[in-house]
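Dear colleague,

Please find below the structure that I am handing over to you.

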Amino acid sequence: MSNHKTHQSALPNQSTQCVWSGETEHALYEGATQQPVVHSVSFAYQNIDDWHAVALEQAEGHIYTRNTNPTVRAFEDKVRDLEGAAAATSFSSGMAAISNTLYTFLRPGERVVSIKDSYGGTNKLFTEFLPAIDIDVRLCDTTDYAGIEAAVNQGCRLLYLESPTNPTVKIIDIERLAKAAKAVGALVVVDNTFATPINQNPLQLGADIVIHSATKYLGGHADALGGIACGSRDLIKKIYHFREINGAALAPMDAYSLLRGMKTLSLRIDRQNRNALIIANWLLQQPMVEQVNYPGLPTHPNHDVARKQMRGFGGMLSFSVAGGLDAIKEFLPRLRYAHMAANLGCVETVVGPPLVTSHVECTTEERAAAGIPEGLVRYSTGIEDVEDLLADLEQALCNTSRTNR
Ligand SMILES: *Cc1c(COP(=O)(O)O)cnc(C)c1O
């Protein structure tokens, strides 16, 4: 857990934080400018008193890597600062961050309110694992704010939100719903993976805890799994305690990869925000494209909420192609600058149909009810030159339309 004071003065701006936060406080080995990867599982002491003081958290230090580790802490400090939090604790994956946070606060008989469009793994926690221990889960229509408020007003321990959502990039009014949750004494947890701290800071909108799958944008290079939860010292201390005992600790090597990736987070997100907006506008004009979902488009149903709570609209969009599944089976493999894969948020453009990724276990009817036509493509915009991405989309679409006529 990272909760010690590092910055007495005002925090610097985001790009500077991406580069410097978390990096400056540890004695770097022999003048190294980069954070060492401390693989050591345990940390030795010269005398029992020093060891005891660290164990009692009366002195700074590390004892055992399942609890804390210098490389892991540097990563935690960087995200903590970017989210404007007092403390942060990390995990072996985004799902570990989510499940550990939910299990820390929910007890049998208590109620959690959330949305139908949460990330697939999160949805499984809500539909399979939490009900099994007698937790009352209420999943509401994602943009029915009044419906969510009504569910919250019936009393709940925790309100769990995600915005933008996967894959239809719906937007939740975090400030409005956090207010409703506070009124009944519920904790507000927000998965900020899609937005990143560059585009949105849920704690400033009234959330108590913000969670990331660091595997996606924070790391940005699709080569390390990780997760993190940020919030007040008090709340993070509880989550940290659950994690230290249940054991889903982030590995030092992965912490290093994520830390290095994060130095360019602000640069990457700036580019991805710009690329995605240009691509979404371009897609709107293509006769082969039937529907474009992107919160930066004035046609998006929650565009006004997105403008209010986000600094940028993110790199994620989705669109549907005429001809449905048959069409995208031809279209997607024709893209030269896009991996067909389940991942998102990395430097390369990544595409995938929700049909085989986030919503693989749903029936056609369930997908239709969630606003996911068979021909929907989830598009995670990379940092490539947008001219090349547009040309690539154009050649792939144009060949598809010819075949399908
Ligand atoms: C990927 C993802 C997760 C899960 O993260 P893992 O690191 O894969 O465990 C959770 N929430 C969102 C929004 C995601 O995209």
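**Largest pocket**

The largest pocket has a volume of about 590 Å³. A pocket here is an open set of points, on a 1 Å grid over the protein atoms alone, with protein on both sides within 12 Å along at least five of seven lines; a cavity is a set of points where a 1.4 Å probe fits but cannot get out; lining residues have an atom within 4 Å of a point. Grid points are joined across faces, edges and corners, and a volume is the space filled by probe spheres set on the points.

Please note that the model is predicted: local features need pLDDT of at least 70 and side-chain atom pairs count only at pLDDT 80 or more, while totals for chains, interfaces and linings use all residues. Residues are numbered from 1 along each chain as its sequence is written, and side-chain values use heavy atoms, with hydrogens and water left out.

The lining of the largest pocket consists of 21 residues, and Lys 116, Asn 123, His 359, Cys 362 and Ala 370 lie nearest its centre. Two or more lining residues come from each of helix 5 (120-132) and helix 14 (364-369), and helix 5 gives the most, with three residues. Helices (H or I, at least four residues) and strands (E, at least two) are DSSP runs, numbered from the N terminus. By class, the lining of this pocket has five nonpolar, nine polar and seven charged residues. In this classification Ala, Val, Leu, Ile, Met, Phe, Trp, Tyr, Cys and Pro count as nonpolar, Asp, Glu, Lys and Arg as charged, and the others, Gly among them, as polar.

**The two domains**

The protein chain is assigned domain 1 (12-262) and domain 2 (265-403), with bounds that come from an automatic or database domain assignment. Each of these domains gives at least three residues to the lining of the largest pocket. The C-alpha centres of domain 1 and domain 2 lie 27 Å apart. Their contact (heavy atoms within 4.5 Å) takes 39 residues from domain 1 and 38 residues from domain 2.

Between them the two domains bury about 3000 Å², 55% of it on carbon and sulfur atoms; buried area is the accessible area (1.4 Å probe) that two parts lose on being put together, summed over both. On the domain 1 side, Pro 167, Asn 199 and Tyr 217 lose the most area to domain 2, together 25% of what that side buries. One salt bridge is counted between the domains, the term denoting a side-chain nitrogen of Lys or Arg within 4 Å of a carboxyl oxygen of Asp or Glu. Lys 308 forms a salt bridge with Asp 173, and their closest N and O atoms are 3.1 Å apart.

**Cavity and neighbouring loop**

How many cavities of 30 Å³ or more does a search of the whole structure find? The search finds one, and the largest cavity has a volume of about 40 Å³. Its lining includes Pro 164, Val 169, Phe 313 and Met 316. By class, this lining has eight nonpolar, two polar and no charged residues, and it draws at least three residues from each of domain 1 and domain 2.

Pro 164 lies in the loop between strand 4 (158-162) and helix 7 (174-183), and a cis peptide bond with omega of about -5° joins Ser 163 to Pro 164. Pro 167 is found in the loop between strand 4 and helix 7; the peptide bond from Asn 166 to Pro 167 is cis, with omega near -5°. Val 169 also has its place in the loop between strand 4 and helix 7, and has a positive phi of about 45° although it is not a glycine.

With kind regards
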